[in-house]
Amino acid sequence: MNAIARGRFLPSSSSSRNAWRHHAGKALTAVVDKRFLSLPTPGGTSGFQTVGCVGLGLMGHGICQVAATSGVHSRVVAYEKERRFLDTGRDRIVKSLDKLVEKGKMTMGFANDTLGRIEFTTDLDALKDTDFIVEAIIENMDLKEDLYTKLGELCKPETIFASNTSSLSIGEMAAFSGRPDKFVGVHFFNPVQLMKLVEVIKTDQTDSMVFDKCYKWVEDIGKIPVSCGDTPGFIVNRLLVPSLMQAMAMVDRNDASVKDVDIAMKLGAGHPMGPLHLADYIGLDTCLFIVQGWVDKYPEEPSFFIPDCLVAKVEAGDLGRKTGKGFYEWDGDKCGAPAS
């Protein structure tokens, strides 16, 4: 059982609690994250009192957590279709909050208040009265079409929808919802709890006031928004993914080795890790999925192409960090020597 569930950080008796506060109070004052010391105005500047989070996977549980931790929402509805995925998402949130308490960055009371604001459910109807819904399900347009068609019919007319997709068309999903004027993209980065950037994407049909509210919401939850149109990959991935493909193409042509490509970009361009190291970290199957979708949809775009070495590694099951081998050998999260 986790520390928050056990309540082990705050002693039960009144005398013990007073002693704990006297002993820990000064230390906590120095290290507790200022975001967690007081609650902001309910609804924040966006005016969203209730928020829904659809999907509690790697990205979705983080979005749910930061929305609840912000304190600007009276209720955060966390939805998963299946109970097992819902329980896994809840456990991830609890574990993350638990670590913040252990490190002294959040008080026990604030962590419990955060969990208390989240309504975990497998009932889609629980989302019908929310003001704003963020979707973070898997990158499958057929699944998203089914979801947004249902949400469009279920939710109150004022509800605004947002997708956390990293590569799919916001405009296509907006059309499925039946309310394209109330649809944006909000692309978070992993890990959501730590990464500050959020790309806020508008289509030609997005109402300007809707976009402004969503942009302000990102600020309300403590992130830094940037605005972008509905272009493939938005800002970061549109620049990043083609550069990864170019690095792989150099390897295909024997222009340079895996090691030398990465050293050159680290020392010559100031990147924290080389492009092939980064591709391994992201997952080579993920890289292929993104660029394959772009190639299929935009066959005339010369910057969208699939290197032979990427296809070969994915077909061999060498997907990078997640499988222990890609362009490099991996031991957990530790990157080793270039793979043979």
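F188 makes contacts well beyond its own stretch of sequence. Leaving aside neighbours within four places in sequence, F188 is in contact with M59, I63, N164, L197, V198, W217, I221 and K223. The model is predicted.

F188 belongs to the largest nonpolar core, which has 41 residues. Those with the most contacts inside this core are I63, C64, F132, V186, F188 and W217. Two of them, I63 and W217, are also in the contact list of F188. Helix α4, residues 83-102, gives the core its largest share, 6 residues. A second, separate core has 22 residues, among them M245, V291, F304 and F327. In soluble globular proteins, nonpolar side chains tend to be buried together.

## The chain as a whole

The protein chain has 340 residues, and 46% of them count as buried. It holds 13 helices and 10 strands.

Which share of the contacts between residues at least 6 apart in sequence joins residues at least 24 apart? The share is 68%.

## Helix α3 against helix α4

Two packed helices are described by the angle between their axes and the distance between the axes. Helix α3 covers residues 60-70. The axes of α3 and α4 come within 9 Å and cross at roughly 55°. That angle makes α3 oblique to α4. The crossing of α3 past α4 is right-handed.

On the α3 side, the residues are H61, C64, Q65 and T69. They meet G89, R92, I93, S96, L97 and L100 in α4. By class, this contact has 4 nonpolar, 5 polar and 1 charged residues.

## Helix α9 against helix α12

Helix α9 spans residues 236-252, and helix α12 spans residues 284-297. The two pack at an angle of about 110°, with their axes 11 Å apart. α9 and α12 are therefore roughly perpendicular to each other.

From α9 come N237, R238, V241, P242, L244, M245 and M248. Their partners in α12 are L284, C287, I290, V291 and W294. The residues of this contact divide into 10 nonpolar, 1 polar and 1 charged. M245 and V291 take part in the contact, and both are in the second core.

Where is G326 found? G326 is in the loop between α13 (308-315) and β9 (328-331). G326 counts as buried because its relative accessibility is 0%. Not counting residues up to four places away in sequence, G326 touches D280, L284, K313, D318, G320 and A339. One of these, L284, is also in the contact of α12 with α9. From G326 to S340 is 14 residues in sequence and 9.6 Å in space, C-alpha to C-alpha.

D333 lies in the loop between β9 and β10 (334-338). Is D333 buried or exposed? D333 is exposed, with a relative accessible area of 59%. D333 and K322 are 11 residues apart along the chain, and their C-alpha atoms are separated by 8.5 Å.

## E172 in helix α7

E172 sits in helix α7, residues 170-177.

Outside four places in sequence, E172 is in contact with M141 and K297. The C-alpha atoms of E172 and K144 are separated by 9.7 Å, and the two residues are 28 apart along the chain.

## Backbone exceptions

Most residues other than glycine have a negative phi, and most peptide bonds are trans.

The peptide bond from N190 to P191 is cis, with omega near 0°. P191 lies in the loop between β6 (183-188) and β7 (197-202).

F234 is not glycine, and its phi is positive, near 60°. F234 is in the loop between β8 (224-229) and α9. F234 is buried, with a relative accessible area of 2%. N254 also has a positive phi near 60°. N254 is in the loop between α9 and α10 (258-269). N254 is exposed, with a relative accessible area of 68%.

Methods
Residues numbered from 1 in each chain as written. Predicted model: local features only at pLDDT ≥ 70, side-chain atom pairs only at ≥ 80, totals over all residues. Heavy atoms only, no water. Core = buried A, V, L, I, M, F, W, Y, C linked by side-chain atoms within 4.5 Å. Buried < 20%, exposed > 50% of the residue type's maximum accessible area, 1.4 Å probe, protein only. Helix = DSSP H or I, 4+ residues; strand = E, 2+ residues; numbered from the N terminus. Contact = heavy atoms within 4.5 Å. Axes fitted to C-alpha atoms, helices over the stretch in contact; angles between N-to-C directions. Parallel < 35°, antiparallel > 145°, perpendicular 65-115°, else oblique. Left-handed = near helix turned anticlockwise from the far one by under 90°. Nonpolar A, V, L, I, M, F, W, Y, C, P; charged D, E, K, R; others polar.
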